[in-house]
Amino acid sequence: MHRPIHFTHTRAARAVRLHLLLPLVAGIIGFAPAAQAADAAAGQAKAQMCTVCHGPIGMAVAPETPNLAGQPPGYLTNQLRHYRDGSRKHEVMSIMARTLTDTDIANLAAWFSSIQVEAKAPDAPK
Ligand code: HEC
């Protein structure tokens with residue numbers, strides 16, 4: 001059987017579609033690319049106050065504490081905002097987030113998300 005292939009989508013049409021989709025995708029992941037250039041180095045400096053629990057590279061060193069390394073920036077941003085506005089509560093994190101500015105949060109998210117994490121499945125059970 002023979003199916004004709006039609007190239008109906010020009011490069012321009014694709015560009016327009018991407019252009020329309022981008023803000024939507026950015027909205028969904030809670031991260032506006034043009035809003036502000038997050039500064040991972042400033043985030044690392046700010047993260048000094050987080051290392052006692054989350055570790056120097058975002059791998060937790062305290063019990064019951066999540067790893068932050070490699071998490072998506074939109075997720076980290078949302079969680080820190082939620083702790084700050086009280087929609088997510090935790091006795092420590094609610095206090096930690098209280099003094100963070102939007103810029104701090106963006107920078108912290110840039111820092112922790114930039115840390116590369118390798119996942120390895122456990123050895124197969126015997
Ligand atoms: C005293 C220990 C401690 C310190 C210091 C601390 N955290 Fe946390 N953090 C925790 C614990 C415990 C949780 C889990 C809280 C919960 O169950 O909601 C947490 C949760 C989080 C989460 C949510 C993670 C997820 O997977 O949902 C983020 C983001 C976070 N911390 C960022 C930070 C940042 C940024 C700092 C420094 C400004 C910081 N934390 C300082 C203990 C700490």
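This is a short chat about reading a few features of a predicted model.

User: Let's start with the ligand. How many residues surround it, and which are the closest?

Analyst: There are 19 residues around the ligand, and the closest are Cys-50, Cys-53, Pro-66, Gln-79 and His-90. The elements giving two or more residues to that shell are α3 (51-54), α4 (73-85) and α5 (93-98). Sorted by class, the shell has 14 nonpolar, four polar and one charged residues.

User: Okay, α4 then. What should its 13 residues span?

Analyst: The idea is to count 1.5 Å a residue, using one less than the number of residues. For α4 that gives 18 Å, and the end C-alpha atoms are 18 Å apart, so the two agree.

User: Which residues of α4 are buried, and where do they fall around the axis?

Analyst: A residue is called buried if 20 or more other C-beta atoms lie within 10 Å of its own. In α4 that goes for Pro-73, Leu-76, Thr-77, Leu-80, Tyr-83 and Arg-84. Looking down the axis of α4, the buried residues fall within an arc of 130°, so they line one face of the helix. Their cover includes α5 and α6 (102-114).

User: And Met-96, how does that one count?

Analyst: Met-96 sits in helix α5. It counts as partly exposed because it has 16 C-beta neighbours inside 10 Å. Its C-alpha atom is 8.4 Å from that of Tyr-83, 13 residues away along the chain.

User: Is Glu-64 buried or exposed?

Analyst: Glu-64 counts as exposed, because it has 7 C-beta neighbours inside 10 Å. You'll find Glu-64 in the loop between α3 and α4. Its phi is positive, about 60°, although Glu-64 is not a glycine.

Note on methods: Residues numbered from 1 in each chain as written. Predicted model: local features only at pLDDT ≥ 70, side-chain atom pairs only at ≥ 80, totals over all residues. Near = placed C-beta within 6 Å. Helix = DSSP H or I, 4+ residues; strand = E, 2+ residues; numbered from the N terminus. Nonpolar A, V, L, I, M, F, W, Y, C, P; charged D, E, K, R; others polar. Buried ≥ 20, exposed ≤ 12 C-beta atoms within 10 Å, placed from the backbone. Arc of directions from axis to C-beta. Contact = placed C-beta atoms within 7 Å.
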